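User: I am new to reading protein structures, and I would like to learn how to read a few features step by step. Could you take me through them with the structure shown here?

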Amino acid sequence: MYLADAAWPDLESYFESESIALVPLGSTEQHGPHLPEGTDHLIAEAFAREAADQTGFLRTPPVRIGVSPHHQQFPGTMSVDPPAFRDYVESFTRSLTTHGIDRVIYVNAHGGNVDHLREVGRRVREDGTAFAVEWMWDESIPEQVNDAFEHNGPHGGPKETALIQHLHPDLVHEDRLEDARDTGLVEVSQDVGRVHGARTFYDSIENSENGVFGDQTEATAEIGAQLFDAASDELVALAEWLDEQPFEDLMPRDHV
Ligand SMILES: [Zn+2]
């Protein structure tokens, strides 16, 4: 069920029997010369839609702009300051709870949002309002993602390229995949940008001239479909697990 398409009597019926919601969140930021700036929110929305369709649980409209200051040098990147992002997410999460939602999955597809979503999850749990948990597709299937590509990348690499080839092939510039590889950073190691143990970089452009990492030519729509199906299974299982938990078990423990 998609909240924005539903009329309130039907949502009222949902809230009478269910108390879980899926909230997709992504970013609008550069994803190299070959992928759309909406890559992350397109991916997040696809996972939320798939899991909602499979489970019957509610999904909400997506949050399409996230915390992306590290991509600001590239044309088109939009970003919000972390405090504004956290307050916004916390605020609409609390508004959902007034209807009876007491557990939320942030279906997230942007690394820059992770810490902030976890902070919001802590806030709404600490006062006993709700249990909100951050979920990211590639972290739900780390071995499969790792095995799928020789040169993976944390941003704009083959894993994201494969997902968009599967979900929105019309938005992928297939003729720029080699260029994306050759003008970016293919080999990503822990040593990149480190000086005597300190991470000395803040922005993606400092490590990659075109803003992306890994070998994009390894991506195919078929691999994207396999990764999408596998991670969707994980999200469905997480939603069903969360639905089954007694609310008290999800709340913080008392002081010892
Ligand atoms: Zn991304």
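User: Which residues of α3 are buried?

Analyst: Buried means under 20% relative accessible area, exposed over 50%, and partly exposed in between, using a 1.4 Å probe and protein chains only. In α3 of this predicted model, the buried residues are F85, R86, V89, E90, F92, T93, L96 and T97. The elements that cover them include β1, β3 (103-108) and α4 (114-126), where contact means heavy atoms within 4.5 Å. Helices (H or I, at least four residues) and strands (E, at least two) are DSSP runs, numbered from the N terminus.

User: What should I keep in mind about the model and its numbering?

Analyst: Residues are numbered from 1 along each chain as its sequence is written, and side-chain values use heavy atoms, with hydrogens and water left out. Because the model is predicted, local features need pLDDT of at least 70 and side-chain atom pairs count only at pLDDT 80 or more, while totals for chains, interfaces and linings use all residues.

User: How do I read the metal site, and which residues coordinate the zinc ion?

Analyst: Donors are N, O and S atoms within 2.8 Å of the metal (3.2 Å for Na, K and Ca), and since water is not among the atoms, sites may look incomplete. Here the zinc ion is coordinated by H31 through NE2, D40 through OD and E160 through OE, at 2.0 to 2.1 Å. H31 lies in the loop between β1 (20-25) and α2, and E160 in helix α7 (residues 158-167), so this pair ties together parts that are 129 residues apart in sequence. Both H31 and E160 are buried.

User: How are α7 and α9 arranged relative to each other?

Analyst: Two packed helices are described by the angle between their axes and the distance between the axes. The axes of α7 and helix α9 (residues 221-244) come within 7 Å and cross at roughly 95 degrees. They are therefore roughly perpendicular to each other, a label for angles of 65 to 115 degrees, whereas under 35 counts as roughly parallel, over 145 as roughly antiparallel and the rest as oblique. Among the residues making the contact are A162 and L163 of α7 and I223 and F228 of α9.

Notes. Axes fitted to C-alpha atoms, helices over the stretch in contact; angles between N-to-C directions.
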